[in-house]
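Thanks for asking me to look through this one.

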Amino acid sequence: MELTKNITLGVYLPGRSFIHNLDPRTKILAAAGIIVLLLFTRSYSAFALSAIFIGALVSLSGIPTGYALRGLKPMLPVLAIMWVFQLFLFKTPDATVYFHWWIFEATDAGLHMGNLIILRVLFLFTVTTFLTLTTSVVSLTDGLESLLKPLRMIGLPSQELVMTLVIALRFVLILAEELEKIIKAQMARGVAFDRGNFIQKTRKIFPVFLPLFIGAFKRAEELIVAMDARSYTGGKGRTKMKTLHMGRADFMAALILLAYGGLLIFIIISTKPMI
Amino acid sequence: MEKLIETTNLTYFYRSGTKDQVKALYNVNMNVFQGEILAITGQNGSGKSTLARHFNALLTPGQGEVFVKGLSTVSKENIPEIRKIIGMVFQNPDNQLVSSIVEEDIAFGPENLGLPQPEIIERVNWALHTLGLEELRNEPPHNLSEGQKQQVAIAGVLAMKPECIVLDEPTAHLDPRGRRELLESAIHLNREEGITIVLLTHFMNEVIHCDRMIVMENGSVKMEGPPGSIFCRSKEVKKTGLDFPIAAQIGDGLRREGFDIKPGIIHTEDLIASLCQLKS
């Protein structure tokens, strides 16, 4: 039971590339823009363009392609099952039937639908992973705080929300360590977590989480007192040690993204969708 | 000496599950003087932590009053100013660090004060430098030892430039080396930066480095004075259940054996010196 070793939240690969040095706000907005465009992408040629563009970004960042895609491995079986489901279950009235068995029919419509869904998941995953690979958690939260700031006007406590996120990120590892300790303590007293059927195993988890929650609340209380003692009174009146600055690189990145977006929209409009 | 903190007839009750009002502090009259290192000791539950939390208005008196540089902690308008004067470091470093990067955590306090950016950067650099933490600037706290985390917690308070830092059993989770380094830091801050230190502790070898000590028992101040004179009153100290510093223990034992060792020796070096005198 080595929990802390397996937690790679927001895996960040430090580097000095053009992409790494961009303002986090540029990267967050770009990722959001690319994802929105992906949801409208329905043709193979548009996906091909996206693949070339994202591939170019990855190679520009200097992150090994294999590393960027490594996280996909555990998802592959699920993706395969999704693809098979779409292949046999998605139908349109005028679809060509490739293969027929009992009540199952594999059609060209199903094939394309399967492909579409898998491509979308693949691209979504790659874009978000790429964002966290090139941006540290701290600059991500800084960027988020700055982007959400205007929403204060409509009453969203953006700074407090981001502070909550910052604290949550800090405590993930601490709580994982604590969970590990509790599990080990219970194993020492004879609980066999790896024995029994699924239901029996699940049952053994509850006595683990109860002390974890109690511990978490105790920590929260101490943290509140400590923050109080350090004059925290919410986001109002706070200043920041680091402020973000957009530079020429960000301007160039925006231009490139706009060009890509325009081209992609043109292709989306002018080509026949796969389904 | 000028009084930095003054409590007058401070009494504090809290509610617990079974009893309605549990007395945590009763009629406490004590002072913290500007520029001193004050140790507050006592058994668990003697009320030392409760007392310390009154110093920066985390708790407010049930009866009596607490003044920080003449500002009463009872009136709410004084609280921001009081918290600027009195910084506080707690027992568990993990539960008081906010950010996932050391320098950002140290900046947390100054950011809360709404200081301009250049000043925040200057203070963070100063705090890192004063405690010798420059190399850890960009580390995440979970890569640090407990002792280093506690030093970062002190740096976070120091960056707010308080006049007094209250350390609430800061060494309880540390190994002997971490304890020694933390005590050295506290002494350094007092001697070099002129910061008043209030140290809550169970360890008598920490107490002997303090200018003055207070022994708490059942929510009241039992003894007060310089450590040397407190440990002379060995019967009273024993009654409160406290330990003795190693030099005092040995000195006491030797005196009972009939050796001519003066009472009130608490530093090991002093004991060795007087033992050498016996020989010559």
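1. Confidence. Please keep in mind that this is a predicted model. Chain B has a mean pLDDT of 92, with 99% of its residues at 70 or more. For the model as a whole, the scores are ipTM 0.87 and pTM 0.82.

2. Chain B has an open sheet of six strands, and reading across it gives the order β6-β7-β8-β3-β9-β10, with mixed pairing. The edges are taken by β6 (86-89) and β10 (220-225) of chain B; each has a single partner strand, so one side of each has no neighbour in the sheet. On average, and ignoring direction, neighbouring strands of this sheet are turned by 20° against each other.

3. The strand β8(B). Which residues cover the two faces of β8(B)? On one side are T196(B), V198(B) and L200(B), on the other I197(B) and L199(B), and all of them are buried. Because five of the five residues of β8(B) are buried, the strand is largely enclosed by the rest of the structure.

4. Partners of β8(B). β3(B) runs parallel to β8(B) and is joined to it by four bridges; within this pairing, L200(B) is the bridge partner of I40(B). β7(B) also pairs with β8(B) in the parallel sense, over five bridges, and here C164(B) stands opposite T196(B). The path from β7(B) through helix α6 (residues 176-193) of chain B to β8(B) makes a right-handed β-α-β unit.

5. The antiparallel pair. β9 (residues 212-217) and β10 of chain B pair in the antiparallel sense, over five bridges. One bridge to look up is that of M216(B), whose partner in β10(B) is V221(B).

6. Helices on the sheet. Helix α1 (residues 48-55) of chain B lies across β3, β6, β7, β8 and β9 of that chain, and runs at about 155° to β8(B). Helix α5 (residues 146-158) of chain B lies across β6 and β7, at about 165° to β6(B).

7. Two residues with positive phi. What is the phi of K69(B)? It is positive, about 50°, although K69(B) is not a glycine. K69(B) is in the loop between β4 (63-68) and β5 (71-72) of chain B, and counts as partly exposed because it has 17 C-beta neighbours inside 10 Å. N218(B), not a glycine either, has a positive phi of about 50°. N218(B) is placed in the loop between β9 and β10 of chain B and is partly exposed, with 15 other C-beta atoms within 10 Å.

8. The contact between the chains. How many residues does each chain bring to the contact? Chain B brings 34 and chain A brings 26. On the side of chain B that touches chain A, at least two residues come from each of α2 (79-85), α3 (102-112), α4 (117-130) and α5. The largest share, six residues, comes from α3(B). By type, this side of chain B has 17 nonpolar, 12 polar and five charged residues.

Notes: Residues numbered from 1 in each chain as written. Chains lettered and ligands numbered in written order. Predicted model: local features only at pLDDT ≥ 70, side-chain atom pairs only at ≥ 80, totals over all residues. Pairing = 2+ DSSP bridges. Axes fitted to C-alpha atoms, helices over the stretch in contact; angles between N-to-C directions. Contact = placed C-beta atoms within 7 Å. Buried ≥ 20, exposed ≤ 12 C-beta atoms within 10 Å, placed from the backbone. pLDDT = per-residue confidence, 0-100. Right-handed = clockwise from strand over helix to strand, strands pointing away. Nonpolar A, V, L, I, M, F, W, Y, C, P; charged D, E, K, R; others polar.
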